[in-house]
Amino acid sequence: MDQHKDHNQESLPNFLKDLDKKALEYPVPEGFFDNMQKSILSEINEVQIPKKGKTVSFWLKAVSIAAIVVIAIMIGSQSNTSENNTNVFVDLSDEDMQWYMDNYTADWSSDDVLAMMENDPIEEYTDIIPLTTIELEETDVTEMIEHLDDDVLINYDIEE
Amino acid sequence: MIQNDAERDKGFKLLMDKYQSSMYQHIRRIVVHHDEAADVLQNVWIKILRAISSFKGESSLYTWMYRICTNESLTHLRKQNRRRTQSIEDSDDGLRKQVAETEIDSHLIEEKLKKAILLLPQKQKLVFSLRYFEEMNYADMSEVLGTSVGGLKASYHHAVKKIEAYIKEHN
């Protein structure tokens, strides 16, 4: 530091010239500078860790955002429609189907019921009993035909 | 050495070994109390060591460090006195009043000089400290304090006259 010193001080009062400048220094506790150096170097070295931490943090954020997007897409693709519910239902094993029926029947919505009815036409589960001859005689065939669907008529031979 | 990661800590330590004592004294003359001077000095070194790799060398490292040192000390004083005062000159008045009321136990000339310096206005105190204790030339002081050489010479002259008057009065 001596190269920075300018010893050519302008005229000073004698008492300032004669003073021992060392004696004017403020005292410091023992070990003060050593402890301070350790503390400073420790803090300076800690500063570099966040640089790596920042990189890791950036990638963590990127991966998290990507995961959220993927999950959102997956959830979006699994829309909760009656059709999908029915497909899932059909894929169940007999045992699972029975468990489902026992436990979740009450959860069926009216949409679920209607969807099932559409998939399983009521005709398949209904026995249409043919009319007797007397009944036929008493019934105006024309009138009866008006009340029957064409599909039903196809399956019967009306006894004359 | 500081640019090399493996040698960096060693370089920092050498730098601190060389300047820490004189910088502490400079800060202590401004903020007065040891604990505050220790806090300021630690902040100063952290700022210096963090920024040293980007130091452009437009001024000498020595004046650059003393500029940081002086600014941090004045900023600390300003923060300490923000609630009570409006400017650094006002806070300096408060500090001087506090020092003036302190009795000097010792009759040694050194103790009287310390008190006389503390009673100087802030700018004169800085100029006197850098010139008398650090023996800094006016060109470097101009870089540290951002004041013209003529202004610094005038401040130093006034500081010496005030100290002389104080010593004569209390002898």
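Predicted model: local features only at pLDDT ≥ 70, side-chain atom pairs only at ≥ 80, totals over all residues.

Biologist: At what angle do the axes of α5(B) and α8(B) cross, and within what distance do they come?

Modeller: Two packed helices are described by the angle between their axes and the distance between the axes. Here helix α5 (residues 109-118) of chain B and α8(B) cross at roughly 130°, and their axes come within 9 Å; axes are lines fitted to C-alpha atoms, for helices over the stretch in contact, and angles run from 0 to 180 degrees between N-to-C directions. Helices themselves are DSSP runs (H or I, at least four residues), numbered from the N terminus.

Biologist: Which residues of α5(B) and α8(B) meet?

Modeller: Contact means heavy atoms within 4.5 Å, and by that rule Ile109(B), Lys112(B), Leu113(B), Lys115(B), Ala116(B) and Ile117(B) of α5(B) meet Ile163(B), Tyr166(B) and Ile167(B) of α8(B). By class, this contact of α5(B) with α8(B) has seven nonpolar, no polar and two charged residues, where Ala, Val, Leu, Ile, Met, Phe, Trp, Tyr, Cys and Pro count as nonpolar, Asp, Glu, Lys and Arg as charged, and the others, Gly among them, as polar.

Biologist: How does α6(B) pack with α8(B)?

Modeller: The axes of α6(B) and helix α8 (residues 149-169) of chain B lie 8 Å apart at an angle of about 95°, which makes α6(B) roughly perpendicular to α8(B). The residues of that contact divide into eight nonpolar, three polar and three charged.

Biologist: And what of α3(B) and α6(B), at what angle do they pack?

Modeller: Helix α3 (residues 61-81) of chain B packs with helix α6 (residues 122-133) of chain B at an angle of about 150°, with the axes 13 Å apart, and the two are therefore roughly antiparallel to each other. Tyr66(B), Thr70(B), Leu74(B) and Leu77(B) of α3(B) make the contact with Gln122(B), Leu126(B) and Leu130(B) of α6(B).

Biologist: Turning to the two chains, what area is buried between chain B and chain A?

Modeller: Buried area is the accessible area (1.4 Å probe) that two parts lose on being put together, summed over both. Between chain B and chain A this area is about 4000 Å², of which carbon and sulfur atoms give 60%, and 45 residues of chain B are in contact with 33 residues of chain A. In chain B, Lys114(B), Tyr132(B) and Glu135(B) lose the most area to chain A, together 17% of what that side buries.

Biologist: How many salt bridges does the rule find across the interface of chain B and chain A?

Modeller: With a salt bridge taken as a side-chain nitrogen of Lys or Arg within 4 Å of a carboxyl oxygen of Asp or Glu, the rule finds one across this interface. The side chains of Glu135(B) and Lys21(A) meet in a salt bridge (2.9 Å, N to O). Glu135(B) lies in the loop between α6 and α7 (138-145) of chain B and Lys21(A) in the loop between α1 (14-18) and α2 (32-77) of chain A, so the pair joins two chains.

Notes
Residues numbered from 1 in each chain as written. Chains lettered and ligands numbered in written order. Heavy atoms only, no water. Parallel < 35°, antiparallel > 145°, perpendicular 65-115°, else oblique.
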